Amino acid sequence: MTDAANTYSGPQRILSGMQPTGQLHLGNYLGALVNWVALQERGAECFYCIVDLHAITMPHDPKALPDAVRSAAAAYMAAGVDPSRSAVFAQSAVPAHAELAWIFQCVARLGWLERMTQFKDKTGKDAERASVGIFTYPVLQAADILVYKATHVPVGEDQKQHLELARDIAARFMREFDCEGAFPLPEPVIQGPGARIMSLRDGTKKMSKSDESDASRINLVDDADTIARKIKKAKTDPEPLPETAEGLQNRPEAANLAGIYAALAGTSLETVLTEFGGKGFGVFKPALADLAVAKLAPISAEYRRLTGDPAEIDRILQRGAERARAVAAPVIAEAKKIVGFWG
Ligand code: AQP
C-alpha cells in the first residue's frame, strides 16, 4: 500500500458500483449495499453506478446488457438507495470514466497489476486467453473512484487490494506530475460481519453471481420458499454451534452461516453464539431462514414493483448520469491539463 500522505482537502464523497453480470445476491447486499445506504442516510454525497464497462471484460450477451443494468439499478433502489439523494447511473453513460482510465493505464505499472489476486481467481489457468480488459480492470476501477474525487468507497473485503491499487495510482499520478492534493487517496469502507459472505455450498469460496450453482447463493429476488430451501440445504458440519468465535476456526460453513445471521440481525457474531451456542443446525437453520426471509422479502417485493416500470428506471438512470457527468467534467478536464493534452 502507498505510504503517501493524504493531502486532499476537498469534500467527502462516496463512490461504489456493481457489475450487471447476474442477479445481485446476499454477499453484494451485506458486503456493500447495506453500507451504501448507511452512508446515504448519514447525508454523504453518494455516487452509485452500475459498472457495465467492467461487465464486458468477460463474455456477455449484448442484447441482455441494458436490462441487466436496469435490474441492478432496481436492486440498488429496492435495497434502500434513494435516487433523489444518491446518483444512480450506468458507468458507460459517463465517458470520463474511460478517459481517466486511459491516463491511469499510463501511470499504473505492469507489476502492480500482475499482483492482483482477483485477476488470477477469475482467469485461472486460462490467463493467456483472457481479455486485456480483465487485466486492466482495477485501473478502470481507480478511474471510477477518482473521476469523482471520491474519498470513501464502501465495498466487500474482496475489493481491498483493488482499493490499495487506486491509492497507489493516485499517489504516483500526483508525484509524477507534481500536483500534490489533486486527488484524494480513497479509503475503503469495509465493515461488519457481512464484509465476506461465502458460498452456501463451500465455505471457502466467496458467494458470487457467476457461481454455476444457484444453490450457492441467496439472490435478492429469491422468494421465501427458495430462501428457506437454500438455507436448509446449505453445507454444514455435524457439530453444534460453538459458544465463542474461536470455536468457529476451521469450520468455514458454520462460520459463514453464523456471520450471515449476525449481519442480517445487525448484531455481533458473539451475540449470535451466545444465543445459539451448543445448538445444532436443526435449530439454527430454521431461525436463519426466518430472519433471511423477514429481511429480504420487502427488498424482493420492491424490486418486483420497480422492474415493472422500466421507463421510470431509465428516467432515473438519465438523471443520475447527468449529475455524475456534471461532477466528473471538471475533474477529467483538470487531469487532461495536468498530463499536457492539447486544447
Ligand atoms: N461474497 C461477498 N461478500 C461480501 N461482499 C461481496 N461483494 C461481492 N461478493 C461479495 C461486494 O459486492 C460489490 C459488487 O461486486 P461486483 O458485482 O462488482 O463484482 P464481484 O465482487 O466480482 O461480485 P461477484 O458476485 O463475485 O460477481 P461476478 O461473479 O460477476 O464476478 C463489491 O463491493 C464486492 O466487494
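The text below covers the overall build and then the aromatic rings.

This is a predicted model, in which local features need pLDDT of at least 70 and side-chain atom pairs count only at pLDDT 80 or more, while totals for chains, interfaces and linings use all residues. Residues are numbered from 1 along each chain as its sequence is written, and side-chain values use heavy atoms, with hydrogens and water left out.

The protein chain has 13 helices and five strands (DSSP runs of H or I with at least four residues, and of E with at least two, numbered from the N terminus). Buried residues, those under 20% relative accessible area with a 1.4 Å probe and protein chains only, make up 50% of the 343 residues. The C-alpha atoms fill a box of roughly 70 × 45 × 40 Å along the principal axes.

Rings of Phe, Tyr and Trp (its six-membered ring) pair if their centres lie within 6.5 Å; planes under 30 degrees apart count as stacked, over 60 as edge-to-face and the rest as tilted.

| Pair | Centre distance | Plane angle | Class |
|---|---|---|---|
| Trp36 and Tyr76 | 4.7 Å | 80° | edge-to-face |
| Phe89 and Tyr148 | 5.9 Å | 65° | edge-to-face |

Trp36 lies in helix H1 (residues 26–41) and Tyr76 in helix H3 (residues 65–78), so their pair ties together parts 40 residues apart in sequence. Trp36 is buried at 0% relative accessibility, and Tyr76 is buried at 0%.

Phe89 belongs to strand S3 (residues 87–90) and Tyr148 to the loop between helix H7 (132–146) and strand S4 (152–154), 59 residues apart. Both Phe89 and Tyr148 are buried. Phe104, Phe173, Phe177 and Phe183 form one aromatic cluster.
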